[in-house]
Amino acid sequence: MDPSGFLPLTPHQFHILLALSDDDRHGYGIILDVAGRTGDELRMGTGTLYTALARLLTLDLVAESGREHERRRYYRLTSLGRTVLKAETARLETLVR
């Protein structure tokens, strides 16, 4: 599937995909990862996070990993999500150049 149809991602979508690029994470773990990667410049509330996650799940860019711990759902990047993340990163790099 051509990833350009998913671009541009919203900043929240981009950072969620980036947070899932190196490990499966639960919602609060995603919030912490995004805050850490951005030096607390981007802070997501739970409503924003789960609204964005629902959209990413619908688009098949993320999936539930099946891993659960203490009632927490974990999310993972799908292969399509990884492709879209790479395409968005390349798009942003082109804009910066």
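Reader: How many of the 97 residues of the protein chain count as buried, in percent?

Author: Burial is read from relative accessible area, with under 20% as the cut-off. In this predicted model, 39% of the 97 residues of the protein chain count as buried. The accessible surface of the chain comes to about 5900 Å², and carbon and sulfur atoms hold 50% of that area.

Reader: What pattern does the protein chain follow along the sequence?

Author: Helices and strands are listed in order from the N terminus. Here there are four helices and three strands, and their order is α-β-α-α-β-β-α.

Reader: What radius of gyration does the protein chain have, and what would a compact globule have?

Author: The radius is set against a rule based on the number of residues. For 97 residues, a compact globule would have a value near 13 Å, and the protein chain has 13 Å, so the two agree. The box around the C-alpha atoms, taken along the principal axes, is roughly 45 × 30 × 20 Å.

Reader: What share of the contacts with a separation of 6 or more comes from residues 24 or more positions apart?

Author: Sequence separation is the quantity to look at here. In the protein chain, residues 24 or more positions apart account for 50% of those contacts.

Reader: Which residues of the largest nonpolar core touch the most other members?

Author: Ile 16, Leu 17 and Ile 30 do, in a core of 23 residues. The elements that give two or more residues to this core are helices H1 (11–19), H2, H3 (46–58) and H4 (79–96), together with strand S3 (72–77). Leaving out residues up to four places away in sequence, Ile 30 touches Ile 16, Ala 19, Leu 20, Arg 25, Leu 49, Leu 53 and Tyr 75.

Reader: Where does Val 34 lie, and is Val 34 buried or exposed?

Author: Val 34 is part of helix H2, residues 27–37. Its relative accessible area is 1%, so Val 34 is buried. Beyond residues up to four places away in sequence, Val 34 touches His 15, Ile 16, Ala 19, Leu 42 and Met 44.

Reader: What does Gln 13 touch, not counting residues up to four places away in sequence?

Author: Gln 13 touches Arg 55 and Leu 56 on that count. Gln 13 sits in helix H1. With a relative accessible area of 11%, Gln 13 is buried, because the cut-off is 20%.

Reader: Which peptide bond is cis?

Author: Omega is the angle to read. The bond from Leu 7 to Pro 8 is cis, with omega near -5°. Pro 8 belongs to the segment before H1.

Reader: What is the phi of Asp 40, and what is the phi of Asp 60?

Author: Asp 40 has a positive phi of about 65° although it is not a glycine. For Asp 60, also not a glycine, phi is positive at about 65°. Asp 40 is placed in the loop between H2 and H3, and Asp 60 in the loop between H3 and strand S2 (62–69). Asp 40 counts as partly exposed, at 42% relative accessibility. Asp 60 has 44% and likewise counts as partly exposed.

Technical notes. Residues are numbered from 1 along each chain as its sequence is written. This is a predicted model: local features need pLDDT of at least 70, side-chain atom pairs count only at pLDDT 80 or more; totals for chains, interfaces and linings use all residues. Side-chain values use heavy atoms; hydrogens and water are left out. Buried means under 20% relative accessible area, exposed over 50%, partly exposed in between (1.4 Å probe, protein chains only). Contact means heavy atoms within 4.5 Å. A nonpolar core is a set of buried Ala, Val, Leu, Ile, Met, Phe, Trp, Tyr and Cys residues joined through side-chain atoms within 4.5 Å. The radius of gyration is taken over C-alpha atoms; the globule rule is 2.2 Å times the number of residues to the power 0.38. Accessible areas come from the Shrake-Rupley method with a 1.4 Å probe; for residues, only the protein chains shown count as cover.
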